[in-house]
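Colleague: I'm new to this one. Could you walk me through how to read it?

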Amino acid sequence: MSRNVFEGPRWFRSRIRSRGPFVALVPPAVLGLLSIVTLRVTDGKTSGYVGLFLGVFAAPGLLIVGAPFSDRSLYPIGVTISVMLWLVVGAIAARRTTRNPMASWADFWRNFAWLAAGIWLGAVTALAVARISVGDLIS
């Protein structure tokens, strides 16, 4: 006999907790693919900025290894760090979501969005600081 009723509250909770970290990899993967497509298909200043922002939103660990100013051989390390970060964020969002006995995927995405927004705000801040620092060196 099954421990949980199929599509019951406990079933949803266990499903969100077990799959949440991996489902949280979907938005960064989509942003990363959009970044790659933007950088490969078009060539210009605007596409460079869009590709950079989307790439950093998908993989904030790239900033840790010094992207876009560092050697490209360090980028896989930054992407690996980012995957681990998104798995942890997904696990935290799943845990916070399942505190509610009637948890749903909509609740998961709401919690994930708040956590991701904080990460993305930090990434934008880091890029702005880098831009100001580089701008001072160029001037």
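This is a predicted model: local features need pLDDT of at least 70, side-chain atom pairs count only at pLDDT 80 or more; totals for chains, interfaces and linings use all residues.

Colleague: Okay, which residues of helix 1 are buried?

Modeller: Trp-11, Ile-16, Gly-20 and Pro-21 are. Helix 1, residues 9-23, also bends by about 35 degrees at Arg-17, and Pro-21 follows within four residues of that bend.

Colleague: And which residues make up the largest nonpolar core?

Modeller: There are 11 residues in all, including Ile-16, Ala-24, Trp-86, Phe-112 and Ile-119. Helix 5 (75-97) and helix 6 (105-138) are the elements that give two or more residues to this core. Another core, of seven residues, lies apart from it, with Phe-57 and Ala-123 among them.

Colleague: What is Trp-86 in contact with, leaving aside its neighbours within four places in sequence?

Modeller: Its contacts include Pro-21, Ala-24, Phe-57, Phe-112 and Trp-120.

Colleague: How do I read a salt bridge?

Modeller: Side chains of opposite charge can pair when their charged atoms come close. Here the count comes to one salt bridge: Arg-110 with Asp-107, whose closest N and O atoms are 2.3 Å apart.

Colleague: Is Asp-107 buried or exposed?

Modeller: Asp-107 counts as buried, at 15% relative accessibility, while Arg-110 is partly exposed at 47%.

Conventions
Residues are numbered from 1 along each chain as its sequence is written. Side-chain values use heavy atoms; hydrogens and water are left out. A nonpolar core is a set of buried Ala, Val, Leu, Ile, Met, Phe, Trp, Tyr and Cys residues joined through side-chain atoms within 4.5 Å. Buried means under 20% relative accessible area, exposed over 50%, partly exposed in between (1.4 Å probe, protein chains only). Contact means heavy atoms within 4.5 Å. The bend at a residue is the angle between axes fitted to the seven residues ending there and the seven starting there. A salt bridge is a side-chain nitrogen of Lys or Arg within 4 Å of a carboxyl oxygen of Asp or Glu.
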